[in-house]
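Let's take a walk through this fold together, one neighbourhood at a time. Have the viewer open and follow along as the residues come up.

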Amino acid sequence: MTAPIPRDMPDLPALSGMPSLLPSSVPAAAVVTPVRRPLAAVYRLVVALTAAAGVTLDLLLGSPVRVLSYFTIQSNILVAVVFALSARRAWKAGRPLRPAWTGATLLYITITALVYHLLLADTSPVFSMTGSTSALTGRQWISNQILHTVVPVAVLLDWLLLTPRGRLRLRQAATWLLYPLAYLLFSFARGELILPGTPGRYLYPFLDVGLHSYKNVLANALLLGLAFYGLAILLVALDHARPNPVHHRRKTGFRLQPPVG
């Protein structure tokens, strides 16, 4: 026996507008299957160890304080750290490093290679980070090639072949120039603290204030800064124009079906 339906049903209050949907706090990793990338991990670990080996060779061959003052050495140390961290995350299917870090690393090591091969490779006396004034041979030549050629090419190949496209942003380009600017100020301060006439007072010939004066060095630095900024913009543009080398078919836990009817 069923109860009778009451004749007077209370009216439900009207809803004003569409109900707002609350944002979901579920992380992407909860619905996207993490992907291990052992090939990328091994390659990046090799690059990190190669950069560390080149830096170590120069530290053993020259004065550590002087060697660590070079932009080349600092950019290779950055490569060793960033690629070691990136290798670990690729091996454990972790989230990739921030593009701001990987893009800055790519820019600085590219600057290292271009400045050396365009401005320093054929200078007289020979450019050396260990204080040598004669032609580089043996371990000095090996470390020089590792730091200025092998590591930059390896980083470029990683970007082209193992890194998803479209991650770099134009707004990051100006921020990346803060480090070269800080290095310029460091070079000036270092030169002022060292007595005039001391060998290696200025580490790069185009930054030698004693030889070229502050006016000319600042003009050189301005031209280089504009070139670096143009290079940063070019890398961002190429990052969005190049083919995507990474294609993963991720499982999301559900499948969308076409509408019926």
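Which residues form one aromatic cluster? Keep in mind that you are looking at a predicted model. The cluster is made up of Tyr70, Phe71, Tyr108, Tyr116, Phe127, Tyr179, Tyr183, Phe186, Tyr204 and Phe206. Across the whole structure, a search turns up twelve aromatic pairs. One of them joins Phe127 and Tyr204, whose rings are stacked, with 5.6 Å from centre to centre and 20° between the planes. Phe127 sits in the loop between helix 4 and helix 5, and Tyr204 in the loop between helix 7 and helix 8, so this pair ties together parts that are 77 residues apart in sequence.

Stay with Tyr204 for a moment. Tyr204 also pairs with Phe206, and this pair too is stacked, at 5.7 Å centre to centre with 25° between the planes. Phe206, at 16% relative accessibility, counts as buried because the cut-off is under 20%.

If you select Val79 and leave aside neighbours within four places in sequence, you will find Val79 in contact with Val47, Ala51, Ala84, Thr105, Ile109, Val151 and Val155.

Now look at how helix 3 packs against helix 4. Two packed helices are described by the angle between their axes and the distance between the axes. Here the axes of helix 3 and helix 4 come within 9 Å and cross at roughly 145°, and the crossing is left-handed. From helix 3, the residues Phe71, Thr72, Ser75, Asn76, Leu78, Val79, Val82 and Phe83 take part, meeting Thr102, Thr105, Tyr108, Ile109, Ile111 and Thr112 of helix 4. By type, the residues of this contact divide into eight nonpolar, six polar and no charged.

Ser75 lies in helix 3 and is buried, with a relative accessible area of 1%. Not counting residues up to four places away in sequence, Ser75 touches Tyr108, Ile109 and Thr112.

Val67 belongs to helix 2 (residues 64-67) and is buried, with a relative accessible area of 0%. Leaving aside neighbours within four places in sequence, Val67 is in contact with Asp58, Leu59, Gly62, Ile73 and Met129. How many residues in sequence separate Val67 and Thr56? Val67 and Thr56 are eleven residues apart in sequence, and their C-alpha atoms are 9.9 Å apart in space.

The last stop is Gln172, in helix 6 (residues 171-176). Gln172 has a relative accessible area of 13% and is therefore buried. With neighbours within four places in sequence left aside, Gln172 is in contact with Pro99 and Ala100.

How values were computed
Residues numbered from 1 in each chain as written. Predicted model: local features only at pLDDT ≥ 70, side-chain atom pairs only at ≥ 80, totals over all residues. Heavy atoms only, no water. Helix = DSSP H or I, 4+ residues; strand = E, 2+ residues; numbered from the N terminus. Buried < 20%, exposed > 50% of the residue type's maximum accessible area, 1.4 Å probe, protein only. Contact = heavy atoms within 4.5 Å. Axes fitted to C-alpha atoms, helices over the stretch in contact; angles between N-to-C directions. Left-handed = near helix turned anticlockwise from the far one by under 90°. Nonpolar A, V, L, I, M, F, W, Y, C, P; charged D, E, K, R; others polar. Phe/Tyr/Trp six-rings, centres within 6.5 Å; stacked < 30°, edge-to-face > 60°.
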